[in-house]
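Please open the model in your viewer and keep the selection panel at hand. The stops below go from single residues to the spaces between helices.

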Amino acid sequence: MIQLSNFDLSLAALLVLALALSARRMYPGLAGQLVVAALRTVIQLTLIGLVLKALFANAGLLWVALLSLVMLGIAGREVMARQHRRFVGAWSYGIGVVSMFVSSFTVALFALIVVVGNEPWYQPQYAIPLLGMLLGNTMNGIALALDRLTQSAWEQRGVIEARLMLGHSTQQAMSDIRQQVFRSGLIPIINAMAAAGVVSLPGMMTGQILAGAEPVEAVKYQILIMFLITGGAGFGTMAAVHLAVRRLFDERQRLRLDRLKRSN
Amino acid sequence: MALFEVSRLSAPGLSDISFSLAAGELVCLSGPSGSGKTLLMRALADLDASSGQVCLSGTERQQIVPTQWRRQVGFLPAESRWWASLVGDHFTDQQVALERLGFEEEVREWQVERLSSGERQRLALARLLANQPLVLLLDEPTANLDPLSTQKVEQLVLDYLAENQAACLWVTHDSAQRERIAARSLQLVDGRLHEAVPA
């Protein structure tokens, strides 16, 4: 594998900087965000590189579990931050974390133990990147779906209540919205699968090929990952939508928009 | 025993409301805007939480599952909402009320977005009556209608009440209408209910 120097990276950074500079006039505010995001990328990835290095040297289950939980906690915060109208109290955080935990962790365990079958199964070289990809995609699906759900419930309050008034159950009253919401959570991964290999070469596979792996082997890994991501993101979104719909209504099947608050 | 009995109902904007409706009875409800008429209707339909007791045919509301309650205590809000593009998708098999309100069978194929406000209003009433509710809560059901349609709606509701031994609480600001349809009226002022003195 060809080693990258810091000079190589700063050449790439110039590109981002150039974009920020040219966007400064027309899109004020965006340039700043771009620079901050780029800096975050550098710092966060450098840190995780160091953490992974230490972790690989000392591959205890406890450490792997600890890092996984930290990743889950941060993903939960991210889901919450992306809601325009979020549930009050611990719910907006809880729904995301519980759904991601149930889906991503189950799928990761399944992949590590049944599919990859390493010894020991929690070997961090496999466990952490796998979980990271699962969590990231599941987080996106859940964040999109929840945002759409709370927004739709707010905007279509009149229709939902009109159906309740006619004696429809909450499931019936929410059926149309639910469909759209689940769809919007799954669209990114469906699109990614549809375009894979034809329009885009997925990132992980590209990485493996750049690192010198045999393309056919890299493809196999990519297919595995995409299916796992689909399962994880799909079931995670399903769980999150289910929990959120339940929370939107009370025991007398009243629409409880007072359980939502607008975030800035 | 009254068909519909409300005692000491309270909710935000409503305090200590008690009244009852007998089978076959139509009672008008009036009051300045902001006095809580819609809030009262919503609380009775169990769309908003409220304390106190509401009984239908002697059964307490908590004993009846919410979907069943809202089918039997049917609320027609001032503005109707539609979720599908065709009128027919909002109806089950009941057509009786549709015919009575002067609609033909082909109304089912109509596009909701092309309905006039009066048609919407009358179809929303038909949609509600298709559930065969025992209590009707009508929030200004003839507000958008011409005199002829108003008369049709009034007659339909009165006939429905007589045939089904149902009761109705009808919000109106029109005193002539009040005299035409109701023997008794209630007035809501600042969230409190008063028996209106017959004019």
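Helices (H or I, at least four residues) and strands (E, at least two) are DSSP runs, numbered from the N terminus. This is a predicted model, in which local features need pLDDT of at least 70 and side-chain atom pairs count only at pLDDT 80 or more, while totals for chains, interfaces and linings use all residues. Residues are numbered from 1 along each chain as its sequence is written, chains are lettered from A and ligands numbered from 1 in the order in which they are written, and side-chain values use heavy atoms, with hydrogens and water left out.

Select A:Ser184, which belongs to helix H8 of chain A, residues 175–195. Is A:Ser184 buried or exposed? With a relative accessible area of 15%, A:Ser184 is buried, where buried means under 20% relative accessible area, exposed over 50%, and partly exposed in between (1.4 Å probe, protein chains only). Show its side chain next, and a polar atom there is found 2.8 Å from the backbone oxygen of A:Val181. Beyond residues up to four places away in sequence, A:Ser184 touches A:Leu144, A:Ala145 and A:Arg148, contact meaning heavy atoms within 4.5 Å.

In helix H8 of chain A, now select A:Asp176, a residue that counts as partly exposed at 36% relative accessibility. Its contacts, leaving aside neighbours within four places in sequence, are with A:Arg163 and B:Trp83.

**The largest pocket**

For the next stops, the search runs on a 1 Å grid over the protein atoms alone: a cavity is a set of points where a 1.4 Å probe fits but cannot get out, a pocket is an open set with protein on both sides within 12 Å along at least five of seven lines, and lining residues have an atom within 4 Å of a point. Grid points are joined across faces, edges and corners, and a volume is the space filled by probe spheres set on the points.

The largest pocket holds about 1300 Å³ of space. Select A:Leu45, A:Ile48, A:Leu52, A:Met71 and A:Gly132, which are the closest to its centre of the 34 residues that line it. Among the elements that give two or more residues to this lining are helix H3 (61–81), helix H5 (124–155) and helix H10 (215–248) of chain A, while H2(A) makes the largest share, 12 residues. The largest pocket lies between domain 1 (1–57) and domain 2 (60–262) of chain A, because both give residues to its lining.

**The second largest pocket**

Move to A:Leu9, A:Ala13, A:Ala38, A:Thr41 and A:Val42, which lie nearest the centre of the second largest pocket among its 13 lining residues. Its volume is about 360 Å³. Helix H1 (6–23) and H2 of chain A each supply at least two residues of this lining, and the largest share, seven residues, comes from H2(A).

**The cavity**

As a last stop, select A:Gln83, A:Arg85, A:Arg86, A:Phe87, A:Ser92, A:Leu146 and A:Thr150, which line the largest cavity. The volume of the largest cavity is about 30 Å³. Strand E1 (85–87) and H5 of chain A each supply at least two of its lining residues, with the largest share, three residues, coming from E1(A).

Conventions: Polar contact = N/O pair within 3.5 Å; in protein donor to acceptor, adjacent residues only side chain to side chain. Domains from an automatic or database assignment.
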